[in-house]
Amino acid sequence: MDLNKSGSIEETIFTSKVNGIRTAFNVVDKKIIVSHIGELDQDKVNTISTLVETQMEYLGVSKSGIKKIFNIVIETLQNICIHGEKDNSGYQMTYFIIGKNGNEFSIFSGNIVNNGVAERLNKRLNAIRSLSDSDLKRQYIDVLSNGELSSKGGAGLGFLTIALKSGNNIDFDFEMLNKEYSLFSLQSKVLG
Amino acid sequence: MKRLEIKASNNTPHIILDADSNDFFIEGKSFPEDSKEFYRPVIEWMDEFKTTKPKSVRVSFNLFYLSSSSIISVKQFLMKVVDLSTAGTQATVIWSYDDDDDDIKKTGEDYQKLTRLHFEYQVNE
């Protein structure tokens, strides 16, 4: 798989996804405020999260709103860093976009996952989305009580944190790129 | 026992573990790329500290942000404090937070319920 190759099926699906988000926010009252396309590492996570904080302060978002958004941003970016698949040449295809619609912020992210992982993620996210606030909190405490960090450094709390901070306002989809891989897209919304 | 100090970075907290004063500090933001690796020396230090059979220990937290994997790592650190407490050490946890920071306050309360350690809450001025 060569994700960086212009015109490949994988690149076309990825680009049309990103363009779709950009188009949706290219109207009056809506705006893209942060956008990162391409590879991610911890240095970029630090840069993007600092940029998000600065932008939110500039936009006059409340301190608690900034904190919620910052939480989701970190969990989203670190998920991608840890779990995002790379192509044959080591290229990690990802996108991360924050759109603003009035005082509502939409956090979009996408990364490549193995089709088997896609199936598991789909089940897990559907289960999380069906939980009430109190059940979400209960599951969070349960993982906190019994959770250990996996060898990849995942805690099992990432998606639960995103769901809790967004008031369970999450959406996701998987688009199959080829026999092996899918593009995993996640969206969460927060009021600033 | 040698004092452990880890200086703060953009995404990791300032940590001081001092076996002479039995006063520990963890302050700042915590979202390292690999939380397990970052907190490993802290956990190992605590295992060695336990063998000194300290009379008392005071652990002060003043955190502004904790990623989900850091939340698990800090819990593992606090479980080491629980080990001390079970072995007879008098343990106090000071949990400081900004007045309007409900997230960090709640995280402290979650830890208190989980560990049943003696927590004292302080609002930053």
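## Helices 2 and 3 of chain A

In this predicted model, helix 2 of chain A passes helix 3 of chain A in a right-handed crossing. The two helices pack with their axes 10 Å apart and at an angle of about 160 degrees; because angles over 145 degrees count as roughly antiparallel, helix 2 of chain A is roughly antiparallel to helix 3 of chain A.

From helix 2 of chain A, the contact is made by A:Gln42, A:Val45, A:Ile48, A:Ser49, A:Val52, A:Glu53, A:Met56 and A:Glu57, and from helix 3 of chain A by A:Ile66, A:Ile69, A:Phe70, A:Val73, A:Ile74, A:Leu77, A:Gln78 and A:Cys81. Sorted by class, the residues of this contact between helix 2 and helix 3 of chain A comprise 11 nonpolar, three polar and two charged.

## The sheet of chain A

Chain A holds an open sheet of five strands in the order 1-2-3-5-4, with antiparallel pairing. Its edges are formed by strand 1 (30-37) and strand 4 (170-176) of chain A, each of which pairs on one side only. On average, and with direction ignored, neighbouring strands of this sheet are turned by 15 degrees against each other.

Strand 4 of chain A runs antiparallel to strand 5 (residues 181-191) of chain A, and seven bridges join the two. Within this pairing, A:Ile170 stands opposite A:Ser188 of strand 5 of chain A, while a hairpin of four residues links strand 4 of chain A to strand 5 of chain A.

## Helices packed on the sheet

Helix 1 (residues 9-24) of chain A packs on the sheet, where it touches strand 1, strand 2 (94-101), strand 3 (104-114), strand 4 and strand 5 of chain A. The direction of helix 1 of chain A makes about 15 degrees with that of strand 5 of chain A.

Helix 4 (residues 115-129) of chain A also packs on the sheet, touching strand 3, strand 4 and strand 5 of chain A. The direction of helix 4 of chain A makes about 150 degrees with that of strand 3 of chain A.

## Contact between the chains

The contact between chain A and chain B takes 21 residues from chain A and 20 residues from chain B. On the side of chain A that touches chain B, the elements giving two or more residues are helix 2 (42-58), helix 3 (63-83), helix 5 (133-146) and helix 6 (158-165) of chain A. Helix 3 of chain A gives the most to this side, with eight residues. By class, the residues of the side of chain A that touches chain B are eight nonpolar, 10 polar and three charged.

## Helices 2 and 3 of chain B

In chain B, helix 2 (residues 68-86) and helix 3 (residues 102-115) pack at an angle of about 40 degrees, with their axes 11 Å apart, which means that helix 2 of chain B is oblique to helix 3 of chain B. The crossing of helix 2 of chain B past helix 3 of chain B is right-handed.

Here B:Ile71, B:Lys75, B:Leu78, B:Met79 and B:Val82 of helix 2 of chain B meet B:Thr107, B:Tyr111, B:Leu114 and B:Thr115 of helix 3 of chain B. The contact of helix 2 with helix 3 of chain B has six nonpolar, two polar and one charged residues.

## Confidence

The model scores pTM 0.92 and ipTM 0.89. For chain B, the mean pLDDT is 96, and 100% of the residues of chain B reach 70 or more.

Definitions and conventions
Residues are numbered from 1 along each chain as its sequence is written. Chains are lettered from A and ligands numbered from 1 in the order in which they are written. This is a predicted model: local features need pLDDT of at least 70, side-chain atom pairs count only at pLDDT 80 or more; totals for chains, interfaces and linings use all residues. Axes are lines fitted to C-alpha atoms, for helices over the stretch in contact, and angles run from 0 to 180 degrees between N-to-C directions. Angles under 35 degrees count as roughly parallel, over 145 as roughly antiparallel, 65 to 115 as roughly perpendicular and the rest as oblique. A crossing is left-handed if the near helix is turned anticlockwise from the far one by less than a right angle, and right-handed if clockwise. Two residues are in contact if their C-beta atoms, placed from the backbone, lie within 7 Å. Ala, Val, Leu, Ile, Met, Phe, Trp, Tyr, Cys and Pro count as nonpolar, Asp, Glu, Lys and Arg as charged, and the others, Gly among them, as polar. Two strands pair if DSSP finds at least two bridges between them. pLDDT is the predictor's confidence in each residue, from 0 to 100.
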